[in-house]
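Dear colleague,

Please find below the structure that I am handing over to you. My notes on what was found in it follow directly after.

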Amino acid sequence: MDTFTALAEPTRRSILEMLAASGNLSATDIYKRFKTTPPAISQHLKVLREAKLVRVERRAQKRIYYVNPEPMQELEKWIKQFAANMEERYQALDAVLEAEKARLSKSKD
Amino acid sequence: MANKTVVTAEPSKQELFITREFDAPRELLFKAHTDPDLYIKWVGPKDMTMTIEKWECYEGGSYKFTHERGGHKYAFFGVNHEIAAPERIIGTFEFDGLPERGHVILGTTKFEDLPGGRSRIVHQSVFQSVADRDGMIQSGMESGVNDGYEKLDELLAEKLAAGKGA
């Protein structure tokens with residue numbers, strides 16, 4: 001599942017916000033913060049792991065979750081690239097507008 | 001003064017916004033979107049040949065244009081829902097290069113008046129799903145096809161440098 005789809009679900013976004021606020025949380029800590037059943041939350045954690053939005057460290061019996069910022073940066077990168085493409089196109093439009101302005105002011109004389 | 005393209009696409013939403021200012025009155029900006037002779041001069045990527053096959057610039061009219069390179073032809077088409085000179089264009093947009101039909105985008109482009117003979121475009125695209133939106137952002141389809149990452153990297157570097165200087 002891609003970053004965007006993983007982020008589309010509100011529970012998963014809440015989990016990420018909690019992790020970002022706390023630095024890290026154990027799976028049990030995360031379960032406790034939701035009314036939903038642990039298996040349901042576990043499923044969301046799995047999606048977040050697969051999208052590489054979180055990473056896990058095992059400490060004894062505990063699984064500690066951290067936010068992994070890289071996919072978010074990836075997303076930002078795509079948007080920047082898209083904006084750069086649009087900018088290139090709009091620079092061509094700038095040239096068209098300049099030419100039109102010149103043509104119109106000429107025809108007034 | 002540098003006119004900067006701003007793209008806003010929030011995570012998990014089905015829409016994206018593009019805004020940019022221009023050193024021209026909005027009547028002219030509107031004309032550059034509705035007059036096919038002007039439109040063809042700026043919409044297509046430089047390394048592709050653009051052809052306008054249909055251009056019915058009125059409410060309920062449809063349009064179709066193609067970009068061609070190396071024997072590959074991509075078509076973009078849709079229906080004009082509202083053409084309100086000089087302030088607004090609303091219409092659908094679809095790309096035939098996708099694996100299946102039916103991924104239609106609803107576009108609203110507003111042309112705003114600014115002082116000093118300037119104007120601003122505020123464009124909103126609404127997609128059928130978050131995946132559709134993200135797919136388009138990732139493919140760079142809105143501007144046709146990427147001219148290659150190297151060129152883009154340069155452009156990004158320039159933009160970043162310009163942004164820091166401002």
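Strand β6(B) gives five residues to the lining of the largest cavity, the largest share of any element. Please bear in mind that the model is a predicted one. The cavity has a volume of about 530 Å³, and the count of cavities of 30 Å³ or more comes to one. Its lining is made up of 30 residues, of which Tyr39(B), Tyr63(B), Phe93(B), Thr109(B) and His123(B) are the closest to the centre. Both chains take part: two or more residues come from α5 (70–108) of chain A, and likewise from α2 (36–42), β4 (62–69), β5, β6, β7 and β8 (118–126) of chain B.

On one hand, β6(B) is joined to β5(B) by six bridges, and the two run antiparallel. These two strands form a hairpin, with three residues between them. Within this pairing, Ala84(B) stands opposite Arg88(B). On the other hand, β6(B) pairs with β7 (residues 105–114) of chain B, also in the antiparallel sense and over six bridges. Here the bridge partner of Arg88(B) is Lys110(B).

Asn80(B) lies in strand β5, which spans residues 72–84 of chain B. Is Asn80(B) buried or exposed? Its relative accessibility is 9%, and buried means under 20%, so Asn80(B) counts as buried. Beyond its neighbours within four places in sequence, Asn80(B) is in contact with several residues, including Glu56(B), Tyr58(B), Tyr63(B), Ile90(B) and Gly91(B).

Turning to chain A, there is an open sheet of three strands in the order β1-β3-β2, with antiparallel pairing. Its edge strands are β1 (24–26) and β2 (54–59), each of which pairs on one side only. From one strand to the next, the twist averages 30°. Helix α4 (residues 38–50) of chain A packs on this sheet and touches β2 and β3 of chain A; the direction of the helix makes about 110° with that of β2(A). Three bridges join β1(A) to β3 (residues 62–67) of chain A, and these strands run antiparallel. Asn24(A) stands opposite Tyr66(A), a residue of β3(A).

With kind regards

Notes: Residues are numbered from 1 along each chain as its sequence is written. Chains are lettered from A and ligands numbered from 1 in the order in which they are written. This is a predicted model: local features need pLDDT of at least 70, side-chain atom pairs count only at pLDDT 80 or more; totals for chains, interfaces and linings use all residues. Side-chain values use heavy atoms; hydrogens and water are left out. Two strands pair if DSSP finds at least two bridges between them. Helices (H or I, at least four residues) and strands (E, at least two) are DSSP runs, numbered from the N terminus. Axes are lines fitted to C-alpha atoms, for helices over the stretch in contact, and angles run from 0 to 180 degrees between N-to-C directions. Contact means heavy atoms within 4.5 Å. Buried means under 20% relative accessible area, exposed over 50%, partly exposed in between (1.4 Å probe, protein chains only). On a 1 Å grid over the protein atoms alone, a cavity is a set of points where a 1.4 Å probe fits but cannot get out, and a pocket is an open set with protein on both sides within 12 Å along at least five of seven lines; lining residues have an atom within 4 Å of a point. Grid points are joined across faces, edges and corners, and a volume is the space filled by probe spheres set on the points.
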